[in-house]
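Subject: Handover of a structure

Dear colleague,

I am passing on to you the structure shown below. Please keep it open while you read the notes that follow it.

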Amino acid sequence: MVKHQPLQVYEKQIFLSIITGIYGCRWKRYQRSQDDSSKWECLWFTILCSSFFLLLFWTYFWLVAQNDFNDFNWSVYNRTGEWTDETIPIVASTTVGISYITFLVILALFHISLGQQLNLFWLHKIGVLATLATTISGVVSVDDIWGDEWEVLFISLQATAPFLHIGALATVTAMGWLVAGYIVRRQRSNFQMMVLAVYIIILAALYLAPLLFTCPCVMDRHSLKPRPEIIGRRGAPMMAPENTVLSFNRALQQGATSLEADVTISVDGVPFLMRDRTLRRTTDVRKVFPSRQYEDASFFNWTEIRTLNAGQWFLESDPFWTVATITPKDQARIENQTVCSLVDMLRLAARANASALLNIRKPPAQHPRARSWFMDTLWAVQKAAIPTKRVRTVMWSPDTDRGRVRGFQQSTQEKLSVQEMRQRGITSLTLHYSKASHKDIQEYLANNVSVTVYPVNEAWLYSTLWCSGVPSVSSDAPHVLRKVPYPIWLMSQTAYYFIWIASDLFSLAVVFVIFAFQNYHMIRWKMSGIQSCNPEQIVLNVVTRPQTREVNIMKEKLLFSELGNGHSSAEEISLYPENGYATYSPEEPI
C-alpha cells in the first residue's frame, strides 16, 4: 500500500530575516532559534540596556546644557590656553552613539516580542563596549572640568518633568506587552514573578512621581509676574564680539534694558572691558605683542590696548555658530572692532537710558593702580555722565573693598541670607541659575532684594524663571529671549492634576487590557491542542503549482533531512511525481 504525503515549502519571512540578520548576522532560517537565550547573551542585553539609559541621560544633559556651551568652552580654554569649540565633537559623538544604541535596543525588543533567541553579533558587541567606554569617559571628564553643570539637570526638570513623565508612562505602558508575553507564555518560575514585581513597582513609581515635582509654571495665570527684564551680558556676544561697542549696540537694539560688562584696570588707570585674564582669546595680541601674549591684561597701558583688534577672532572662531547668519556689511564692522573702554560703554547706556552692571576685577597686588582702582572706576562713571543709581557693581575682589566703592548699588554673586546682605549693605543678588531655587527667589523678593539670574540663553529657562518671579536675567542671547512674549507653557493646578490622574488611569486600563488579551489568547492556544507548535518551525504550503528547479531542490533537501531523522534506507522515495506530490512507502515486513 503506497501512502501519498504532500511535500511542503517555506514561506518567506523577510521582516524576521532583517531583524535577526542585522542584530545577530543570522540571515538564514536554519540559523534562527526560539530556544531560551543563554546567560551570556542575557548579560549582553543587560549591557546594551545599561548603555542605552546612560546615553539617554548623557543626551538629555547636553540638550539642556546648550544654555552654557560658551561657558564650557571658556572653562576648557582656561585649562588649555587654546580656544576650541569642544562641544562639536561631543554633540556629534553623542548623536551617533544614541542613534546606534537605540537601534540595537529596538532590534533586541523585536527579538523578545517575536520569541527569537538573542544572539548579538560580535561586531555589535565591540560597538556597544566602545560606545559605553566613550560615554563613561565623557561623564568623568565633564565632572572634572565642569562639575557644577550637573545642577542644570535638576533645574531643567522644573520645565520638562510633566512631559518626561507622560513620555516615560507611555513607554513603560507599551513595555507591558513584552512583560505580559513573557509571563503568560511560559511556565511559572520565580524569575518571572520577580520580573512582574519589578514592572509593577516601576509602574507604581511613575504613577506617583508627580508628587515630587516642583514646577513653577503650574500656577494660576493671574499670579504671573511681569516679564523679566533682559540684561545684555557682555552685550549681545552671539551677534558681535563680546564687550565691544557693536555688541552693546546690538543688545540695546534687541530690547535689553541693562548692559553687563567685565571691567579691568589698565596700568595707566583706564578701566576697559575684558573678560579674560589675558588678551590672547579676544584680540590679536599674538601678532602685535607676541612676547607679551601671556601677560596679565591689566599690565598693558591704554595706548597699547587700543592698537589691538577685538573683532577678527569672532569671525575666525565663530564661538556661537552664528557668523553664517551675519550680513557681509556687519562682518566688515565686526572686523574693525577694538577693545571698548568703560567710559564708552557707560555713555552708550546713558544715551539709551539703560542701566549698567559692572563685574570689576581688582588689579594684582603689584599693579600700580592696586590701591586706586576704585577711584579710576568712579572717575569713568562720572566722565560718562551716567547717574550712579543706575550703576550696579559686582566685586571680583574681597568684600573688604566694598566700602571703597561708594554711591553704587552693591551686588554680589555669593548666595547670602537676607540678614547678611543687610549687614554688608548689599541690595541685590546676581546669581547663577543653578543656585536660584524657586523657594529662595520668593524669599529674596519678599524682603525687597532684587535678584538677577545668569546666564539665561534658552527660552525654556527664561520661561521657568519668569514663572518663578525673577525680575531680571542676564543673557548672551537677548535676540532669542526677545521672541518669548509669554512662558512656553503655563498650566493651572486643576488642569495639571486632571492630566496627571487621567494619564495614570488610562495607562492602568491599557496594562490590564494587555495582560487580559495575552492571557486569553494563551488559553485558546492551549485548548486548541497545538501547544507543541513552534512558530519558528517551517511554514508549509501544499505545492500544487507546476514544479520549478528551485522547488525540486528544496524537496530533495527536505526528503534527505527526513532520512537523517530516523527513516530506514529501505524507504522508497519519489522526488518528482507526476501529480506534484512526493510519496514514500516503507518496505513491508516479510
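Helix 4 is followed by glycine 115, which has a positive phi near 75°. Helices here are DSSP runs of H or I with at least four residues, strands are runs of E with at least two, and both are numbered from the N terminus.

This is a predicted model, in which local features need a pLDDT of at least 70, side-chain atom pairs count only at pLDDT 80 or more, and totals for chains, interfaces and linings use all residues. Residues are numbered from 1 along each chain as its sequence is written, and side-chain values use heavy atoms, with hydrogens and water left out.

Helix 4 (residues 87–113) has 27 residues and spans 38 Å from its first C-alpha to its last, close to the 39 Å expected at 1.5 Å a residue. The expected span is 1.5 Å times one less than the number of residues. Among the buried residues of helix 4 are Ile90, Gly97, Leu104 and His111; buried means under 20% relative accessible area, exposed over 50% and partly exposed in between, with a 1.4 Å probe and protein chains only. The buried residues of helix 4 pack against helix 1 (14–24), helix 2 (39–64), helix 3 (69–80) and helix 5 (122–145).

In helix 6 (residues 151–184), the end C-alpha atoms of its 34 residues are only 43 Å apart, short of the 50 Å that a straight helix would reach. A kink of about 70° lies at threonine 160, shortly before proline 162. The bend at a residue is the angle between axes fitted to the seven residues ending there and the seven starting there.

Parallel strands

Strand 10 (residues 450–454) has four of its five residues buried. Strand 9 (residues 428–432) runs parallel to strand 10, joined by five bridges; strands pair if DSSP finds at least two bridges between them. Histidine 432 has tyrosine 454 in strand 10 as its bridge partner. Strand 10 also pairs in the parallel sense with strand 11 (residues 472–475), over two bridges, and valine 453 has valine 473 in strand 11 as its bridge partner.

Confidence

The protein chain averages a pLDDT (the predictor's confidence in each residue, from 0 to 100) of 84, and 82% of the residues score at least 70. Mean confidence is lowest in strand 12 (residues 541–542), at 42, and highest in strand 5 (residues 271–273), at 97.

Yours sincerely

Notes:
Contact = heavy atoms within 4.5 Å.
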